[in-house]
Amino acid sequence: MYENSGFSNNKTEKVKKDYIYFDHAATTPVLSEVVARINECFTKFYGNASEPHLPGRNAREILENSRTSVAEILGAGSSEITFTSGGTESNNLALFGIAEAYSKKGNHIITSEIEHPAVLMPLKALSKRGFKITYLPVDCNGQVDPDDVKKALRAGTILVSVMHANNIVGTVQPISEIGKILKEKGVIFHTDAVQTFCNIWTDVNDLGVDLLSISGHKIYGPKGVGALYVRKGTRFVPYIYGGGQEKGRRSGTENIPGIAGLAKAAEIGFATLEEKIKRLSEMRDYLKNRILESIPGVRLNGHPTERLPGNCNFSFKFIEGEAMVLRLDMAGIAASSGSACSSSSMKPAHTLKAMGLSNEEAFGSLRITLGFENSYEELDYFIDELQTIIRDLRDISPLYKNTV
Ligand SMILES: *Cc1c(COP(=O)(O)O)cnc(C)c1O
């Protein structure tokens, strides 16, 4: 089902051709060019980048070229990029790193209620160490109001962390506006850009951010690798100590295959960004319109226009998201009922609750996140299957029966 994507240069590994993958916000398949690059590094460029001999120098060259690639995409300087083990580590490094470096200046941190757990949990840990955290609310579309950021600032505010786009509902935040406010006040600004890097534009100067987190596996690259951008002149304390790699900011022998894979995926993702945004937005709107027209008792969650190109999130009345996901899986379709991190617990996604959805609406949510390799044919098959599944599940729902 990947053939008719129109992206002939972007072939993915065909793991299961007859299975439709609509969960790109959770992770993406790895591009075959990326797999080839990773293999090349494992077999030919196995050197330790800290060693002065030829294999070491070869590894170092790959490392620094990868750094330059990522930096260029972000509009940053190479020296501002630190490679990490993924988005989670990048966020932890940013939050703990800034909190500790600036703790003499103040102990107040501002964030939003809808951050990824990789931001919320480190902040929870910091609050136990005496930091004061302000959680900004979002509107019904999932957006933070820049005025609320302004109002929350205090003399002791050292850091603001607001994600660039939300992983559940795809809402894009007004980061540039917040960035302008914070620059004026001289407050450090971090954004979790894991969902936006190579999916929309992420120039650090346009956004006005001082730190920005990215991850490899959300952009058709490998898992277990990511990066943190830190603006020159911003002090931060390392999180992992050891041999002093990455200029002492993140010790540990560099993961050359992973880093080169991340860079390769980013280069391809950035080169095709414009056509990807256009294609995915069109597919998303087609899916959204067809679902809203053909299925009763459904609402779209998230911002109507300011959202990630590939993200659709719906709530279906009288139905549980988990049940839909299981039935879709049986039909050969991968979708998500919320955040993968919270789907094993019985708590509805915190993002949806923060947007003012009832428990029922939050439990009845379904997230479809598209990738460039998806086709309209797949969307049509999905819509047909979903209609049947919704009908079946409502038929066995006592709540629904009471309403008809
Ligand atoms: C996936 C994700 C992360 C975590 O990245 P990992 O590389 O899986 O650790 C952090 N933030 C957001 C918004 C994400 O979608």
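In helix H2, the buried residues are Gly56, Ala59, Ile62, Leu63, Ser66, Arg67, Ser69, Val70, Ala71, Ile73 and Leu74; buried here means under 20% relative accessible area, exposed means over 50%, and partly exposed is in between (1.4 Å probe, protein chains only). The model is a predicted one, so local features need pLDDT of at least 70 and side-chain atom pairs count only at pLDDT 80 or more, while totals for chains, interfaces and linings use all residues. Residues are numbered from 1 along each chain as its sequence is written, and side-chain values use heavy atoms, with hydrogens and water left out.

Helices (H or I, at least four residues) and strands (E, at least two) are DSSP runs, numbered from the N terminus. H2 covers residues 54–74, which makes 21 residues. From first C-alpha to last, H2 reaches 30 Å, close to the 30 Å expected at 1.5 Å a residue (the expected span is 1.5 Å times one less than the number of residues). Its buried residues are covered by, among others, helix H1 (32–43), strand E2 (81–84) and helix H8 (256–271).

Contact means heavy atoms within 4.5 Å, and axes are lines fitted to C-alpha atoms, for helices over the stretch in contact, with angles from 0 to 180 degrees between N-to-C directions. E10 (residues 311–316) pairs with E12 over five bridges, and Ser315 stands opposite Ser365 in E12.

Then there is the ligand. It is surrounded by 13 residues, the closest being Thr88, Asp192, Gln195, Ser215 and Lys218 (near means a heavy atom within 4 Å). A ligand nitrogen is 2.6 Å from an N or O atom in the side chain of Asp192. A polar side-chain atom of Ser215 lies 2.6 Å from a ligand oxygen.

Most residues other than glycine have a negative phi. Cys198, however, has a positive phi, near 65°, and is buried at 2% relative accessible area.

Technical notes: Two strands pair if DSSP finds at least two bridges between them. A polar contact is a pair of N or O atoms within 3.5 Å; within protein, one must be able to donate a hydrogen and the other to accept it, and residues adjacent in sequence count only if both atoms are side-chain atoms.
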